[in-house]
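Okay, thanks for coming, everyone. Let me put the structure up and walk you through a few things I'd like you to look at.

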2 protein chains.
Amino acid sequence: MSLLVVGSIALDSVQTPFGRREEVLGGSATYFSTAASFFGPVKLVATVGEDFPEEHVAFLAGRGVDLEGLERRPGRTFRWKGRYDLDLNQAHTLATELNVFADFRPHLPESYRTSEYVFLGNIDPDLQRLVLDQVHAPRFVACDTMNFWIASKRESLLKTLRRVDMLFVNDAEARQLGGDHNVVKAARRILTLGPRTLVVKRGEYGALLFSGERIFAASAYPLASLFDPTGAGDSFAGGFMGYLARGGREDAGVLRRAIVLGGVLASFAVERFSLERLKSLTSEEIRARYAEFRELVYFDDLETALFGGPG
Amino acid sequence: MSLLVVGSIALDSVQTPFGRREEVLGGSATYFSTAASFFGPVKLVATVGEDFPEEHVAFLAGRGVDLEGLERRPGRTFRWKGRYDLDLNQAHTLATELNVFADFRPHLPESYRTSEYVFLGNIDPDLQRLVLDQVHAPRFVACDTMNFWIASKRESLLKTLRRVDMLFVNDAEARQLGGDHNVVKAARRILTLGPRTLVVKRGEYGALLFSGERIFAASAYPLASLFDPTGAGDSFAGGFMGYLARGGREDAGVLRRAIVLGGVLASFAVERFSLERLKSLTSEEIRARYAEFRELVYFDDLETALFGGPG
């Protein structure tokens, strides 16, 4: 089924303890659509400047990403410059140059408007709703957000949330949005705001999926070599939504497999800088790592005769 | 099979955002032996002062804990005073009064010396070896330690590690001991120091079990009400070792089930202050939560026909 993503395309300059890269391909829509493209086609809505390298456009097109919604405008492409220290869970932004992204007004080509699966990347919640206004009858809408919008545009974000099926946030954002330090309590509060399903991302620890009273805990893959966490969250969402859109179902078992596939895509994304690892990734590697995730967390039922203590 | 524990018995004064308790039962050996007692008898080696309340002795005896190795000495019992803020992963020590624990020299009664399973709680690594010197032919030795010993008595700790089968540490301690910020790399280093198996505890996120090249990731149970994390690690170790000693085997499947049972016991321990929750706990509740842990992390294999992207 058709999958639409709206988000950023950026040129990232990243330093980690393991190296640095200047002006490499980045942005939420880029990571998302590359990860999702393993499962099927993706329609992308984003904006870039005149300086955006043609090779990146060719790469996305080669991944089966529909670029009719990619707007090329006079000016420079969005730049993000960041640093990670040894605690790779925490990005330190050194510079943000919005450039053409500053007045991005997502406009959906006619062929995008019948999309059934929609992912609203982390942009102004007003713009997220502007996208939804242009989609005729979405079957499943997921959105991402961040601390900045939760604090500065809370009312607008709440309006968006009333129109989405699923929200992706990290644990700090869940606490902030749900107003409770306990993630389980915060999650339950968030589930009263609109989304029926919530994913709380916990970086190197994995993710929690909340739906109704049920919780699914997905472990992250413990990696010995982790080079650049940029794009992990969007690769996660891309793997998740790509799998969902491919199958066209959202029952509990599907959501769980989708979360694990999100973790698989994220685990590959962080193994090298930018999209380097996703570029060389194969379906066979995805399948093999999914099997490793199953092995990673598998344990048997208890024996019947277990307890020998006083009870 | 017989299980021996050496560690502390304390009177704890604890403040958390959810309340406070003064001079309640605590200590590593106490939590460990209570948790382990659900699976079978435990032989305890520890010391208390003349002021130690008789009701606590009666409680432990009632749990089937062998107290022949509990030494009562002139002076006051060990006191610990601590505070947890909203981030319950981090204990802030306000005061430590070692009292009779200051010159604790563990002495094993004759009947303890044939113990097959041994847990060396977090005490001076010199004393941990002193205990091992008194056990004739232990089948499986596990030990706990902390940042203080890793930094100040590293050589002694390394000597102890060469004699243990398994080490329990938290992630910060694993990084410190293994000398690498990456937990997987640190774990591999630690596995060259003696233990064949390593458990890295990650608080509310769960635990990782490293054995050779294999990793098992156990999720913690996401709790909506978590009152007092004191004793979580020792309850975890107690559930783990109690189950191991009961079955008398240490293959990969057993170790995984033991880790999950450790998580089950820890998840109950933190639901109330001190040992309150463990006191009312039943075997049926342990079994039911184990089943909930399985449900929490369960996901299916992938379908055969999965990928629709360009590969």
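So, this is a predicted model, and let's start with how the two chains sit together. If you take chain A and rotate by 180°, with 0.0 Å of shift along the axis, you land on chain B, at an RMSD of 0.0 Å. The two copies are therefore related as by a two-fold rotation axis. What about the surface they meet through? Well, 98% of the interface residues of chain A are interface residues in chain B too, so the copies meet through the same surface.

Now zoom in on chain B. Strand E12, residues 206–211, runs antiparallel to E13(B), and six bridges join the two. One pairing to click on: B:Ser211 has B:Arg214 as its bridge partner in E13(B). Together E12(B) and E13(B) make a hairpin, with two residues between the strands. B:Gly212 sits in that turn, and its phi is positive, about 60°. As for E13(B) itself, residues 214–219, the strand is mostly covered, with five of its six residues buried.

Which residues have a positive phi without being glycine? A:Glu23 is one of them, at about 50°, and B:Asn99 is another, also at about 50°.

Where are they? A:Glu23 is in strand E3 of chain A, residues 19–26. B:Asn99 is in the loop between strands E7 (91–97) and E8 (117–120) of chain B.

And how exposed are they? A:Glu23 has 38% relative accessibility, so it counts as partly exposed. B:Asn99 is partly exposed as well, with a relative accessible area of 27%.

That's my tour, over to you.

Definitions and conventions:
Residues are numbered from 1 along each chain as its sequence is written. Chains are lettered from A and ligands numbered from 1 in the order in which they are written. This is a predicted model: local features need pLDDT of at least 70, side-chain atom pairs count only at pLDDT 80 or more; totals for chains, interfaces and linings use all residues. Side-chain values use heavy atoms; hydrogens and water are left out. Copies are superposed by least squares on the C-alpha atoms of residues with pLDDT of at least 70 in both. Contact means heavy atoms within 4.5 Å. Buried means under 20% relative accessible area, exposed over 50%, partly exposed in between (1.4 Å probe, protein chains only). Helices (H or I, at least four residues) and strands (E, at least two) are DSSP runs, numbered from the N terminus. Two strands pair if DSSP finds at least two bridges between them.
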